[in-house]
Amino acid sequence: MQQHFKVAPRHRGEALSKNLRDLLTGDETSFLMEAHNGLSARIVAETGFAGIWASGLSISSSLGLRDANEASWTQVLEVVEYMADSVDVPILLDGDTGYGNFNSVRRLVAKLCQRNIAGVCLEDKIFPKTNSFIGESQELAAIDEFCGKIKAAKDTQTHDQFCVVARVEALIAGLGLSEALKRADAYHKAGADAILIHSKKADGKEIFQFAEEWGNRAPLVIVPTMYYRVPTEEFIQAKISTIIWANHNVRASIAAMRDVTKKIYDLRSLASVESSLPSVKEVFEIVNQQELTDAEQKYLP
Ligand code: SPV
Ligand code: MG
């Protein structure tokens, strides 16, 4: 093992899903921070976040790919497995549309349960998906077809705690509040553990309207990437269950890598960057090199 987990290996997946479920259903608003590989997952966990959003946008862009299902679902699975092996906090995978039909969802959920991923978020769009912030209109899945995916996910999960979050894209598609509420209600009735209501409007108003109408039927999850100016306190007052900071680590890494690469390129020297970077020793520490050194003492002749 790369590190000693506090959550015991046996029933680890179930315990982590229970932790995610507690975040979703607890009285207090909780926060999930984006990560896109084992390293960023470790940074998110060591900072203190109680859960991780395995963002489709961030995972695909960190692979050099577009957020359009260019990475296959098994490639995404491999990335989240590295993440789950690295941290002791639950991971909610952005599972896009489920990468196909209800049967793809069943395969996905079975594998996520095997690999200790705490939950999956499925969105009511068409495979291959388009990122919600691209273009004006997005084609949505038929409600009954998407409900079939939710039911298939819930029937496939191998323990009771696994969380299925249904993501409603009606506001993104410009279909309005009543369509969003109709869809959320259908997905809730199909068995979704929480509803992610997505919006790209900067004032956040439609999110508050939705939350007001929705009441406490099921936990509400939001992604305030585009309405980041709305004070977090207002989401807390509106009884939002969970807030996802969705893509800020991959964006931060782009800025940091551009900066250091440019300086080294321009100056043909490391002298100007060395003092501002984490040391190589810190790199060893973050992946728990010490554990391997100790294991060598124990196991090598
Ligand atoms: C992601 O992080 O991949 C998301 C959130 O799905 S968004 O990019 O806002 O659609
Ligand atoms: Mg996504």
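Helices (H or I, at least four residues) and strands (E, at least two) are DSSP runs, numbered from the N terminus. I use those element names throughout.

I am working on a predicted model, in which local features need pLDDT of at least 70 and side-chain atom pairs count only at pLDDT 80 or more, while totals for chains, interfaces and linings use all residues. Residues are numbered from 1 along each chain as its sequence is written, chains are lettered from A and ligands numbered from 1 in the order in which they are written, and side-chain values use heavy atoms, with hydrogens and water left out.

**Ligand 1.** I listed the residues near the ligand (a heavy atom within 4 Å of it). Around ligand 1 I find Trp53, Ser55, Gly56, Leu57, Asp94, Asn131, Ser132, Phe133, Arg167, His198 and Ala246. By class, this shell holds four nonpolar, five polar and two charged residues. Here Ala, Val, Leu, Ile, Met, Phe, Trp, Tyr, Cys and Pro count as nonpolar, Asp, Glu, Lys and Arg as charged, and the others, Gly among them, as polar.

I then looked up polar contacts (pairs of N or O atoms within 3.5 Å). The side chain of Asp94 places an N or O atom 2.8 Å from an oxygen atom of ligand 1. For Trp53, a polar side-chain atom is 3.0 Å from an oxygen atom of the ligand. For Asn131, the distance from a side-chain N or O atom to an oxygen atom of ligand 1 is 3.2 Å. The protein buries 100% of the 280 Å² that ligand 1 exposes when taken alone (accessible areas by the Shrake-Rupley method with a 1.4 Å probe).

**Cavities.** I searched on a 1 Å grid over the protein atoms alone: a cavity is a set of points where a 1.4 Å probe fits but cannot get out, a pocket is an open set with protein on both sides within 12 Å along at least five of seven lines, and lining residues have an atom within 4 Å of a point. Grid points are joined across faces, edges and corners, and a volume is the space filled by probe spheres set on the points.

The whole structure has two cavities of 30 Å³ or more. Ligand 1 takes up the space of the largest cavity (more than half of its atoms lie within 2 Å of the grid points). I noted a volume of about 160 Å³ for the largest cavity. Its lining has 16 residues, with Leu57, Asp94, Asn131, Arg167 and Ala246 nearest the centre.

The second largest cavity holds about 100 Å³. Among its 15 lining residues, Gly56, Ser60, Asp67, Val76 and Asp96 lie nearest the centre. Helix H3 (56-62) and strand E3 (91-94) each give at least two residues to this lining, and H3 has the largest share, with three.

**Pockets.** The largest pocket has about 750 Å³ of space. It is lined by 26 residues, and Leu39, Ile43, Ser253, Ala256 and Pro278 lie nearest its centre. H10 supplies ten residues, the largest share of that lining. I count the lining by class as 13 nonpolar, nine polar and four charged residues.

For the second largest pocket I noted a volume of about 360 Å³. Of its 19 lining residues, Gly26, Asn216, Pro219, Lys239 and Ser241 are closest to the centre. Helix H1 (12-25) and helix H8 (205-214) give two or more residues each.

Terms used
Polar contact = N/O pair within 3.5 Å; in protein donor to acceptor, adjacent residues only side chain to side chain.
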